[in-house]
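Trainee: I would like to go through the labels used for this model and ask what stands behind each of them.
Mentor: Then let us look at it together.

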Amino acid sequence: MTTSSPQGEEMDEPSENTVHLDFEDENTVPDGAELAPESSEEVAIEPEPKPFSYIEMLDKPRELQEPMDITADYLKVIAQELGLIKLCWPELIDVTFEDRTNFPDSYLKNSRKEKLLLLYAENFRRQFCCKFPNRKPLFLACDNECGLQKMVCTTLRPTILPHAEMYTWSDCSRFLADHIKYEPLDEPLLMPRHFYSPQTTILRQSGHSFEMATALCSLLLGAGFDVYMVSG
């Protein structure tokens, strides 16, 4: 059935099957009313990355290593690995090395020229470490059999043996190879912890590579050869 509005417009009358919905609250749904199904796909929202901050990195809790005991032996190992040169020379008395007790004075103390040489060497070592911090430390000085630090160059001693067969480089090399036992270094990638004299190396009939090379150079220098010892 149609009715007319006061303005003269025709309107359809509501039928019995027509349902009027009037909700005061948008979230209120009457019984029997159906809602449109929501989309099953959820949009993932990625969080924005935080800008890098040095302050947060420094304030972040860190795991500290367990404290270690710093002993005199540990400090001595560090000084040996860095190649530090001692600038103090204590007086050595009653030194015993293996079965030997009598040593020349040059084994127990440094002369004035040797002390001056050590001062220059330590100054050069500091400048070298400052200019080339990533390079391997220089091997300039080491403890001898008496525990006294000596320059490696002072260990070379021209030695002449009263044997005619020791006057050629091949005979000297063969002599050391046959009579001196090779001792590997404790730490092959580090500097040796001791540097014995050629006399001690020959008496012990053993030595590491530096000591054997020094003994050979001393024999060759005594035979009149122009030889040098090179490390590296």
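Trainee: Are Phe139 and Phe195 buried or exposed?
Mentor: Both Phe139 and Phe195 are buried. Keep in mind that this is a predicted model.

Trainee: Why is the aromatic pair of Phe139 and Phe195 called tilted?
Mentor: The ring centres of Phe139 and Phe195 are 5.8 Å apart, and a pair needs centres within 6.5 Å. The angle between their planes is 40°. Stacked would need under 30 degrees and edge-to-face over 60, and the rest count as tilted. Therefore the pair of Phe139 and Phe195 is tilted.

Trainee: What parts does the pair tie together?
Mentor: Phe139 is in the loop between α4 and β3, and Phe195 is in the loop between β5 and α6, so the pair links parts 56 residues apart in sequence.

Trainee: How many aromatic pairs does the rule give?
Mentor: The count is 7 aromatic pairs. There is also one aromatic cluster formed by Phe124, Phe128 and Phe132. Over the face of Phe132 lies Arg135, 5.4 Å from the ring centre.

Trainee: Which residues of α4 are buried, and what puts them on the same side?
Mentor: Glu114, Leu118, Ala121, Glu122, Arg125 and Phe128 are buried in α4. They cover an arc of only 130° around the axis, so they lie on the same side of α4. These buried residues pack against α2, β3 and β4. On the other side of α4 there are exposed residues, including Arg112, Tyr120 and Lys131.

Trainee: Why is Gln149 called buried?
Mentor: Its relative accessible area is 8%, and buried means under 20%, so Gln149 qualifies. Gln149 lies in strand β4. A polar atom of its side chain is 3.1 Å from the backbone oxygen of Leu84. Among the residues that Gln149 touches are Ile85, Asn110 and Leu118.

Trainee: What makes Gln205 partly exposed?
Mentor: Gln205 has a relative accessible area of 47%. Buried is under 20% and exposed is over 50%, so Gln205 falls in between. Gln205 is in the loop between α6 and β6, and has a positive phi of about 60° although it is not a glycine.

How values were computed
Residues numbered from 1 in each chain as written. Predicted model: local features only at pLDDT ≥ 70, side-chain atom pairs only at ≥ 80, totals over all residues. Heavy atoms only, no water. Phe/Tyr/Trp six-rings, centres within 6.5 Å; stacked < 30°, edge-to-face > 60°. Helix = DSSP H or I, 4+ residues; strand = E, 2+ residues; numbered from the N terminus. Buried < 20%, exposed > 50% of the residue type's maximum accessible area, 1.4 Å probe, protein only. Lys NZ or Arg CZ within 6 Å of the ring centre and 35° of its normal. Arc of directions from axis to C-beta. Contact = heavy atoms within 4.5 Å. Polar contact = N/O pair within 3.5 Å; in protein donor to acceptor, adjacent residues only side chain to side chain. Lists of a residue's contacts leave out its neighbours within four places in sequence.
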